[in-house]
Amino acid sequence: MSVTTKSADAFRTISEAAEELDIQAHVLRFWESKFPQISPLKRAGGRRFYRPQDLQLLRGVKRLLYEDGYTIKGARKYIKDNGVAAVMALADQSGAQANSASPRDALAVDAADQEHPTVAKPSRPRPADGPQRQIDDILADLENAQAKLKAALEP
């Protein structure tokens, strides 16, 4: 079944998600082990189903790793510092703003971290900071917890 025949709101299997994101399925499984925020629904037998918000987060992670040049450690720090909502927003910008500056361009890399670069705090306040970002992060965490509860309760 081709991904294009499914609704945008439909859940995707790991192979469909991998095809849509143009990466291998084993990469998705690896990212799940490195990023606790990536948590697809799992049915009996361990079959994964990716929701639209999971795919949006995966697109943001892919952008951080493949387009912006972050390491796994740097991408984890970016998510921790900026929140899941900010990473999901990166997915909307991916490709559309190929000529504009990446999030890494606006961030200072600490000299002590040159050997193992991670992303430092932004040098100037960003519009996504503040109460709305906190609300978005809490909402994303609640949705993730809800999905885990549903998966645990379903046979």
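Predicted model: local features only at pLDDT ≥ 70, side-chain atom pairs only at ≥ 80, totals over all residues.
Visitor: Okay. What share of the residues is buried?
Guide: Of the 155 residues in the protein, 37% are buried.

Visitor: How many helices and strands are there?
Guide: The protein has six helices and two strands. Along the sequence the pattern runs α-α-β-β-α-α-α-α.

Visitor: Let's pick helix α2. Which residues are buried there?
Guide: Val-27, Leu-28, Trp-31 and Glu-32 are buried in α2.

Visitor: Why do they line one face of the helix?
Guide: Look down the axis of α2. The buried residues fall within an arc of 145 degrees, so they line one face. There is a general rule behind this kind of pattern. An α-helix has 3.6 residues a turn, so residues three or four places apart point the same way.

Visitor: What covers those buried residues of α2?
Guide: The cover includes helix α1 (14-21), strands β1 (41-42) and β2 (48-49), and helix α3.

Visitor: Back to Glu-32. Why does it count as buried?
Guide: Glu-32 has a relative accessible area of 13%. Buried means under 20%, so Glu-32 qualifies.

Visitor: And what does Glu-32 touch?
Guide: Leaving out residues up to four places away in sequence, Glu-32 touches Ile-38, Pro-40, Lys-42, Arg-48 and Tyr-50.

Visitor: New topic. Where does Leu-65 lie?
Guide: Leu-65 lies in helix α3, which covers residues 52-67. Leu-65 is buried, with a relative accessible area of 13%.

Visitor: Which residues does Leu-65 touch?
Guide: Again skipping residues up to four places away, Leu-65 touches Trp-31, Phe-35, Tyr-70, Thr-71, Ile-72 and Ala-75. Trp-31 is one of the buried residues of α2.

Visitor: How far apart are Leu-65 and Ala-75?
Guide: They are ten residues apart in sequence. In space, the distance from C-alpha to C-alpha is 6.9 Å.

Visitor: What about aromatic pairs? How many are there?
Guide: A search of the whole structure finds two. One of them joins Tyr-70 and Tyr-78, with ring centres 5.6 Å apart. Their planes sit at 70 degrees, so the pair is edge-to-face.

Visitor: Are those two tyrosines buried or exposed?
Guide: Tyr-70 and Tyr-78 are both buried.

Visitor: Last one. What share of the contacts comes from residues 24 or more positions apart?
Guide: Such residues account for 62% of the contacts with a separation of 6 or more.

Conventions. Residues numbered from 1 in each chain as written. Heavy atoms only, no water. Helix = DSSP H or I, 4+ residues; strand = E, 2+ residues; numbered from the N terminus. Buried < 20%, exposed > 50% of the residue type's maximum accessible area, 1.4 Å probe, protein only. Contact = heavy atoms within 4.5 Å. Phe/Tyr/Trp six-rings, centres within 6.5 Å; stacked < 30°, edge-to-face > 60°. Arc of directions from axis to C-beta.
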